[in-house]
Amino acid sequence: MRRFIVFFNEARSDPFWRDPMKAGRMDIVSNVIIHTFFLSNAMRGNVELHLILNGPRDPPKHIEMISNPQTPFSKKDVAELIRIALWKYEKKKRKVEALPGVFVEKKSFEEIVEEEEGPKYLLDRSGKSIWKVEIEEKPLFILGDHIGLPKDKLRFARKKCDEIVSLGSVTYFTSQCIVILHFLMDNLGKDIEIWERK
Ligand SMILES: C[S@@+](CC[C@H](N)C(=O)[O-])C[C@H]1O[C@@H](n2cnc3c(N)ncnc32)[C@H](O)[C@@H]1O
């Protein structure tokens, strides 16, 4: 299992929006989802993505996405899938499986980092080169969004992680970091599972 946590500073935590670009850059959330799960004519199995939406109007929201062939993904409208999931939570106001493989609850970044077990790696340019780090089984990678992790979250993650990992001096998009991590693990043959699409 490959696991990722991404903290979104401004992404809307309620379903009352239409334009993803104006919803705290929900388009960036969509990109992260696409690059976490989608391949050319295939989907990745064995992946868990934790999105923390910290924008208005009801933060923090934790959206957990677990590889599931039943998730009604459409590459063209991933933001709408998130909006529907937030809407289902809005109706129940408690943890829900909003769609197959998509769970929504009110939970903070700190709680998720704390709850998840196994090896944890914080992605930060200032860290140790990825080439010198042994990535263990069931890794959990923690990343910021286009703004980066706020200082308090960065401090917290630094304390809780086994290693701070750098992909080099270039600053990549979050989604690009995820692709690079998948690429590295694919080539190491670690936790790889690919579901061909019919
Ligand atoms: C677009 S970057 C954030 C840029 C933001 N202005 C900052 O300085 O933090 C998004 C996230 O990708 C990860 N990231 C980007 N480039 C990286 C690199 N070279 N090494 C490790 N992590 C990186 C970090 O987790 C970062 O928070």
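**Note on the predicted model**

1. Among contacts in the protein (heavy atoms within 4.5 Å) between residues at least 6 apart in sequence, 71% join residues at least 24 apart. The model is a predicted one, in which local features need pLDDT of at least 70 and side-chain atom pairs count only at pLDDT 80 or more, while totals for chains, interfaces and linings use all residues. Residues are numbered from 1 along each chain as its sequence is written, and side-chain values use heavy atoms, with hydrogens and water left out.

2. Overall form. The protein has five helices and eleven strands; these are DSSP runs numbered from the N terminus, helices being H or I of at least four residues and strands E of at least two. Its radius of gyration is 16 Å, close to the 16 Å given by the globule rule for 198 residues, so the protein is as compact as a globular protein of that length. That radius is taken over C-alpha atoms, and the rule is 2.2 Å times the number of residues to the power 0.38. The C-alpha trace spans about 45 × 45 × 30 Å along its principal axes.

3. Burial and surface. Of the 198 residues, 53% are buried. Buried means under 20% relative accessible area, exposed means over 50%, and partly exposed lies in between (1.4 Å probe, protein chains only). The protein exposes about 10000 Å², of which carbon and sulfur atoms supply 51%; accessible areas come from the Shrake-Rupley method with a 1.4 Å probe, and for residues only the protein chains shown count as cover.

4. Nonpolar cores. A nonpolar core is a set of buried Ala, Val, Leu, Ile, Met, Phe, Trp, Tyr and Cys residues joined through side-chain atoms within 4.5 Å. The largest has 48 residues, and Ile-33, Leu-51, Leu-53 and Met-65 touch the most other members. Leaving aside neighbours within four places in sequence, Met-65 is in contact with residues including Ile-33, Phe-37, Val-47, Leu-51, Phe-73 and Leu-81. A second, separate core of 14 residues includes Phe-7, Ile-112, Ile-142 and Ala-157.

5. Strand E9. All five residues of strand E9 (residues 140-144) are buried, so this strand is largely enclosed by the rest of the structure. In a regular strand the side chains alternate between the two faces of the sheet. Both faces of E9 are covered, with Leu-140, Ile-142 and Gly-144 on one side and Phe-141 and Leu-143 on the other. Strand E1 (residues 2-8) runs parallel to E9 and is joined to it by five bridges; Phe-7 stands opposite Gly-144. Strand E8 (residues 120-129) is also parallel to E9, through three bridges, and Leu-122 stands opposite Ile-142. Two strands pair if DSSP finds at least two bridges between them.

6. The three-stranded sheet. An open sheet has the order E2-E3-E11, with antiparallel pairing. Strand E2 (38-39) and strand E11 (194-196) stand at the edges with a single partner strand each, so one side of each is left without a neighbour in the sheet. Strand E3 (residues 42-44) pairs with E11 over three bridges, and Met-43 has Trp-195 as its bridge partner in E11.

7. His-182. This residue lies in helix H5 (residues 174-188) and is buried, with a relative accessible area of 1%. Its side chain makes a polar contact with the side chain of Arg-2 (2.9 Å). A polar contact is a pair of N or O atoms within 3.5 Å; within protein, one must be able to donate a hydrogen and the other to accept it, and residues adjacent in sequence count only if both atoms are side-chain atoms. Not counting residues up to four places away in sequence, His-182 also touches residues including Phe-4, His-35, Thr-36, Arg-44 and Val-47.

8. Backbone points to inspect. Most residues other than glycine have a negative phi, and most peptide bonds are trans. The bond from Pro-56 to Arg-57 is cis, with omega near 10°, and the bond from Pro-59 to Pro-60 is cis, with omega near -10°. Asn-41, in the loop between E2 and E3, has a positive phi near 55° and is exposed at 60% relative accessible area. Lys-93 has a positive phi near 60° and is partly exposed at 49%.
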